[in-house]
Amino acid sequence: METSVEILEVADRFGRFDWLTVIFYLVFMVAIGVASKYLVQGTSDYFRGGGKMLWWMAGASAFMQQFSAWSFTGAASEAFLNGPIVLTIFIANGVGYLGNYFYFAPKLRQLRVITPIQAVRQRYGRVGEQFFTWVFFPVGILYAGIWLNALSIFISSVFGLPMIPTILVVGGVVVFSATVSGSWAVVSSDFMQTMILMIIAVTTAVLCLIDIGGPMEIVRQFPAESVLGSNYNYPLIIIAWIIFMFFNQFFKLNHMIDASRYLNVKTSKQAKHAALLAATLMFLGPVLWFIPPMVARIKYPGIGDIFPQLTRPSEASYIASAIDVLPAGMLGLLLAAILSATMSSMDSGLNKNAGFFVKNFYIVILKPEATEKHQMLVSRITTLVLGGLVIGAAMYYTTLRDLGLFDLMIQFGALIGVPTAVPLLWGLFVKKAPDWAGWSTVLVGLTCSYFLKFHFNGAWAAAFFDLEMTTREVRYYDASVGAIINIIIPSIWYFTTRIWYREPVNPERKEELAIYWRNLATPVLGIEDGSADQDRSQGKLMSILTLTYGVFIILLALIPNEPGGRLAFLLGGLVVLLMAWGIYRSTHPRGQGAAGVP
């Protein structure tokens, strides 16, 4: 089978129509930020949409927040090497969102706060508020810098674009939109990015299946030792990883800080709808995303010869298949989808961290008397400064390319994610735990992470038990043991702190706790702050944006392509147009007047 570099020379295949698609996408994202500005009337709107967003916007945003370029690169690499086992992570995410649907989403919406750390303040007091603020604040910057840098490295290596301009352009677009319109721009762009992602995922998967001869050909030809993949000696390690990933993702998706996913919707019921949409997309999407890299494994087993410029050539497996099957112009849509995956994580992270700084530090410690107007100014300045720090971090990481940035991101999750989530989840249930249970549990978990990472890791286990573990098994051991230990030991510590629980003496502290537990138990039935219902305004804005992008995709059918390529654009554009019509009709039912139209 031919695998020459000439067939897959991306820079040569990335033509002027693809450039047109990418440029339009970036301009469109800027336009969303500008168009959303009129919806922002204060910091509540800026950081959580005023609790007035519709469920399908919030659900799409929750779904997109679980993505970065890693989904198309690092995760695609695992699918290329070991087949469908990588779906475990995404199915576990779907199960986590089902937890949101059945219990956590409405409860988290009922916290009735602007930032989730305000709920942490109610549950764990002032010290807990500052502790969790300064745990999440810097880590958010580092995460976003890694996402942006990893994206730029991949795009630079595969598409031949310079790294620094890529960082500046992509980072600049995200920072502009998030600064101008806050959460309204974040959630609106996430909704549009979900559509772009699903269009390219469906198109690429279908064309790859046609190219390879159907799904049964993938099953028949994929060179894996078993359904568990390849390169392992002890199946139990792989099975343990599968099981523990479900616990890991459940804890990470069902705690107080993730309240930010649902604080923006109107009611407790709509929070459930948003969670169900996120779960549904999370179950359906990955099945499509990992068809192309598995097809690439069959067609291009020597992918290192095709992408010699990449340290991990398998990370370009999705691109390898896409180049083969996508019509002219659609490769630009794929790059837009890869950009959108990272931009959605970045913009939500910027908005969330700016909220932490302004609402949980600036007006608590520095300027308690700040007016709403002053807070809005500080919020925009903070978002802008944070964006600059993220761009600066991404540019600094370009000097550290040998560290393996995708692995670095995973290590951050292992060291910070689960230990931090434990007290933020149990704090939704356990009433008789002292305020210091929150921060002390995190410290216990971080201590466990340190010893697991540097002393009792997979390499130690292989030597201690005299096991011939492969590199893959060492990696899976570290992830699974790290997850379960960081759940069990911090949880034991958290429940042990109940021994020292005493009812608070301070009346103000006692009232904070009473408000917290009362809010958790009281459903939100509608907009409670007296502000105007914005269903029609949202519907009009999103239908216009969706209509615009749908028309653009249909116009791409004019690009010189084979009939099948033109049909792909037409069908994709028609689906988007139907969504625009559905959005408008759902928010402008017949028989209503024009009230609420902006």
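Predicted model: local features only at pLDDT ≥ 70, side-chain atom pairs only at ≥ 80, totals over all residues.

Me: How many aromatic pairs does the structure hold?

Reply: There are 39 aromatic pairs in the structure. One of them is phenylalanine 24 with phenylalanine 552, a stacked pair with 3.8 Å centre to centre and 10 degrees between the planes.

Me: Where in the chain do phenylalanine 24 and phenylalanine 552 sit?

Reply: Phenylalanine 24 is in helix H2 (residues 16-35), while phenylalanine 552 is in helix H22 (residues 535-555). They're 528 residues apart, so this pair links distant parts of the chain.

Me: Is phenylalanine 552 buried or exposed?

Reply: Phenylalanine 552 is buried, because its relative accessible area is 9% and the cut-off for buried is under 20%. Phenylalanine 24 has 23%, so it counts as partly exposed.

Me: OK, what about tyrosine 450 and phenylalanine 451, why is that pair edge-to-face?

Reply: Their planes are at 80 degrees, and over 60 counts as edge-to-face. The ring centres are 5.3 Å apart. Tyrosine 450 is partly exposed at 41% relative accessible area, and phenylalanine 451 is partly exposed too, at 38%.

Me: Which residues do ring pairs link into a cluster?

Reply: Tyr124, Phe131, Phe132, Phe136 and Phe356 are joined that way.

Me: New topic: which charged end sits over the ring of tyrosine 101?

Reply: That's lysine 272, with its charged end 4.2 Å from the ring centre. Also, arginine 297 lies over the face of phenylalanine 80, 5.5 Å from the centre of that ring.

Notes: Residues numbered from 1 in each chain as written. Heavy atoms only, no water. Phe/Tyr/Trp six-rings, centres within 6.5 Å; stacked < 30°, edge-to-face > 60°. Helix = DSSP H or I, 4+ residues; strand = E, 2+ residues; numbered from the N terminus. Buried < 20%, exposed > 50% of the residue type's maximum accessible area, 1.4 Å probe, protein only. Lys NZ or Arg CZ within 6 Å of the ring centre and 35° of its normal.
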